[in-house]
Amino acid sequence: MNYRDYQNVRNEAWKILLDCKIDRLPVDLNLICKALGVRTAPYGANSALIQRKNLSAIVAKSDGLSFFAGNMPVVLYNETCTPERVRFTIAHELGHIVLGHISPGGVTIANREPDPQDDPKEIAANQFAARLLAPACVLWGLNLHTAKDIAQVCRISKQAAEFRADRMNVLYSRNKFLSSPMERRLYQQFLPYIKG
């Protein structure tokens, strides 16, 4: 992914956090979904819908998917996953929706733990989810470094936290936090939580 695409993904995550006035971790995905008009539901409670839309094959190999029911974006997820994995799955699917990867009539086809070999849309959705659920400036403000601490505070899976911790190590070595006006606004929004 080139830097311009990366910035777009990061900025979209920041914008949602700012617009939804999210000011603490773990990020409240219910509030974000409500604000974006996204319906979320488990696979098990939607078996008839899954069959009607011919999504059974996707459901069998995926932790989540998103599509439009009319004009309403819908995220379905595998409720047998850990709550931390479900959170990342929902955030990943929100990434597909916000980044315009799907439109009415389309459906996402793969949602599983991140893999460096994923196609660019999957990588972008994973980056979006990580930046939405574990914003770098907030992790920096809280002085979080380890995957264990990031997973615990952000309520994300160990694997997602490891990816985020690896990226945070790069960011810590560069010490380039709060270099964007949008990032500074986000940090200020979280500051009472960080200082608390």
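Helices (H or I, at least four residues) and strands (E, at least two) are DSSP runs, numbered from the N terminus. The views below come from a predicted model, in which local features need pLDDT of at least 70 and side-chain atom pairs count only at pLDDT 80 or more, while totals for chains, interfaces and linings use all residues. Residues are numbered from 1 along each chain as its sequence is written, and side-chain values use heavy atoms, with hydrogens and water left out.

**View A. The cis peptide bond from L25 to P26.** P26 is placed in the loop between α1 (3-19) and α2 (29-36). The peptide bond that leads from L25 into P26 is cis, and its omega is near -5°.

**View B. The packing of α1 and helix α6 (residues 120-133).** The two helices pack at an angle of about 40° with their axes 9 Å apart, where axes are lines fitted to C-alpha atoms, for helices over the stretch in contact, and angles run from 0 to 180 degrees between N-to-C directions. α1 and α6 are therefore oblique to each other (angles under 35 degrees count as roughly parallel, over 145 as roughly antiparallel, 65 to 115 as roughly perpendicular and the rest as oblique). On the side of α1, the contact (heavy atoms within 4.5 Å) is made by Y6, V9, R10, E12, A13, I16 and L17, and on the side of α6 by A124, Q127, F128, R131 and L132. These contact residues divide into eight nonpolar, one polar and three charged, with Ala, Val, Leu, Ile, Met, Phe, Trp, Tyr, Cys and Pro counted as nonpolar, Asp, Glu, Lys and Arg as charged, and the others, Gly among them, as polar.

**View C. The crossing of helix α8 (residues 147-154) and helix α9 (residues 158-174).** The axes of α8 and α9 come within 8 Å and cross at roughly 120°, which makes α8 oblique to α9. A147, I150 and A151 in α8 meet A161, E162, R164, A165 and M168 in α9, and the residues of this contact divide into six nonpolar, no polar and two charged. In the loop between α8 and α9 lies R155, which has a positive phi of about 55° although it is not a glycine. R155 is partly exposed, with a relative accessible area of 37% (buried means under 20% relative accessible area, exposed over 50%, partly exposed in between, with a 1.4 Å probe and protein chains only).

**View D. The aromatic pair of W140 and Y187.** The structure holds four aromatic pairs, and the pair of W140 and Y187 is tilted, at 5.5 Å centre to centre and 50° between the planes. Rings of Phe, Tyr and Trp (its six-membered ring) pair if their centres lie within 6.5 Å; planes under 30 degrees apart count as stacked, over 60 as edge-to-face and the rest as tilted. W140 lies in helix α7 (residues 136-141) and Y187 in helix α10, so the pair ties together parts that are 47 residues apart in sequence. W140 is partly exposed at 28% relative accessibility, whereas Y187 is buried at 11%. W140, Y172, F177 and Y187 form one aromatic cluster.

**View E. L178 in the loop between α9 and α10, and Q188 in helix α10 (residues 181-195).** Phi of L178 is near 60°, a positive value in a residue other than glycine, and L178 is partly exposed, with a relative accessible area of 21%. Q188 is exposed, with a relative accessible area of 51%.
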